[in-house]
Amino acid sequence: MEEEIMEEPIPVYLITGFLDSGKTTFINDTLSDERFSGESKTLLIMCEEGDVELSDNLSERNVVLRTIEDEEEMTEELLAAWQEEIQPEQVMIEYNGMWTLDTLYGSMPPSWMVYQEFMFAEAGSFISYNSNMRQLVYDKLKSCDLIVFNRMEKSDDFMPLHKIVRAANRNAEIGYEDINGKVFYDSVEDPLPFDKDSRKPVIADRDYAIWYRDLGEDLKTYDGMTVTFKAQAAFSDELPRGCFIVGRDLMNCCAADTAFAGLICEGGLPKNVESGDWVSVKAKIVVKEHPGYNREGPVLTKVKVSPAEAPDDPVATFY
């Protein structure tokens, strides 16, 4: 039986942001740096045309340029054909800010792997973009490794920008670049709004989304904790006998991106509680395999449930 030969992953450097945010300038600077290009062949895919032009010596730097003008043109067949034709060792993509990243991720050949994702934004217009096109802004923020705000002075108030980024992404590095090209980095610490170190955190209604995300990102730390929070009860015939669910609707960026964020409970089945009723929950978290998750996950045990009033805002948000 012949062994399947695995293709070496091709690193993809993804550059996102809206028009006039500094993407092309960054690409020009990066491609001119021998530490990046060296002798490696680079496939550069441009998905929009801004005011800044690409350097005219791309071929000298072993860079092959391809363009995509419409989102519908981006398909796996096209990208795979370019890979076969060009045989790149790395790929750089300047992505159109008005396109969703799902289009790209659904079209990348299997051997392509996003190695770094950078977002660029013009500081003066970013808040307006976030107000008017939050779903598109969130789409780029949620997975970026670094966001750089251009045309920003060190004396400017950066906290509104900081808060928008942290509502979508707790791990991204945040940089601010002034008009002279000098970059300074965000050093604001974002403590959790509940006492995680106590091992018995009480989660306020407004903090459910932040807690639920932290639980997913730092699952092992929560093993054995006792937690208190407010949620809605839910029942499912697909769960084992004696199990039920508690959780809340959680909105990531907009109403269209709202889903129920629930946790499985073992035991403590409430009496006279119907699906959708609000309850106050106190339970111990045990991290283990559970058929309701089909994987390892947080299972609430020693559950104590009592009726509760709905929070002022029933939908949990990050901001």
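Student: Which element gives the largest share of the lining of the second largest pocket?

Tutor: Helix H6 does, with five residues. Please keep in mind that this is a predicted model.

Student: How many residues line the second largest pocket, and which lie nearest its centre?

Tutor: The lining has 16 residues, and those nearest the centre are Arg166, Arg170, Asp190, Ile210 and Arg213. The space in this pocket is about 390 Å³.

Student: How does that lining divide by class?

Tutor: Eight of the lining residues are nonpolar, two are polar and six are charged.

Student: And what volume does the largest pocket have?

Tutor: Its volume is about 570 Å³. The lining of the largest pocket comprises 30 residues, and Gly22, Thr25, Phe26, Phe120 and Glu177 are the ones nearest its centre.

Student: Which elements give two or more residues there?

Tutor: Helix H1 (23-31) does, together with the strands S5 (112-122), S6 (146-150) and S8 (183-185). H1 gives the most, namely six residues.

Student: What about the classes in the lining of the largest pocket?

Tutor: There are 11 nonpolar, nine polar and 10 charged residues in that lining.

Student: Let us change topic to H6 and its contact with H5. At what angle do they pack?

Tutor: H5 (residues 134-141) and H6 (residues 159-168) pack at about 70 degrees, and their axes are 9 Å apart.

Student: Why is H5 called roughly perpendicular to H6?

Tutor: Angles from 65 to 115 degrees count as roughly perpendicular, and the angle here is about 70 degrees, so H5 is roughly perpendicular to H6.

Student: Which residues meet there?

Tutor: From H5 they are Arg134, Tyr138 and Leu141, and from H6 they are Ile164, Val165, Ala167 and Ala168. The contact has six nonpolar residues, one charged residue and no polar ones.

Student: How many residues of H5 are buried?

Tutor: Seven of its eight residues are buried, which leaves H5 mostly covered. Arg134, Tyr138 and Leu141 are among them, along with Leu136, Val137, Asp139 and Lys140.

Student: What covers these buried residues?

Tutor: The cover includes the strands S1 (10-17), S5 and S6, as well as the helices H3 (101-105), H4 (123-132) and H6.

Definitions and conventions
Residues are numbered from 1 along each chain as its sequence is written. This is a predicted model: local features need pLDDT of at least 70, side-chain atom pairs count only at pLDDT 80 or more; totals for chains, interfaces and linings use all residues. Side-chain values use heavy atoms; hydrogens and water are left out. Axes are lines fitted to C-alpha atoms, for helices over the stretch in contact, and angles run from 0 to 180 degrees between N-to-C directions. Helices (H or I, at least four residues) and strands (E, at least two) are DSSP runs, numbered from the N terminus. Angles under 35 degrees count as roughly parallel, over 145 as roughly antiparallel, 65 to 115 as roughly perpendicular and the rest as oblique. Contact means heavy atoms within 4.5 Å. Ala, Val, Leu, Ile, Met, Phe, Trp, Tyr, Cys and Pro count as nonpolar, Asp, Glu, Lys and Arg as charged, and the others, Gly among them, as polar. On a 1 Å grid over the protein atoms alone, a cavity is a set of points where a 1.4 Å probe fits but cannot get out, and a pocket is an open set with protein on both sides within 12 Å along at least five of seven lines; lining residues have an atom within 4 Å of a point. Grid points are joined across faces, edges and corners, and a volume is the space filled by probe spheres set on the points. Buried means under 20% relative accessible area, exposed over 50%, partly exposed in between (1.4 Å probe, protein chains only).
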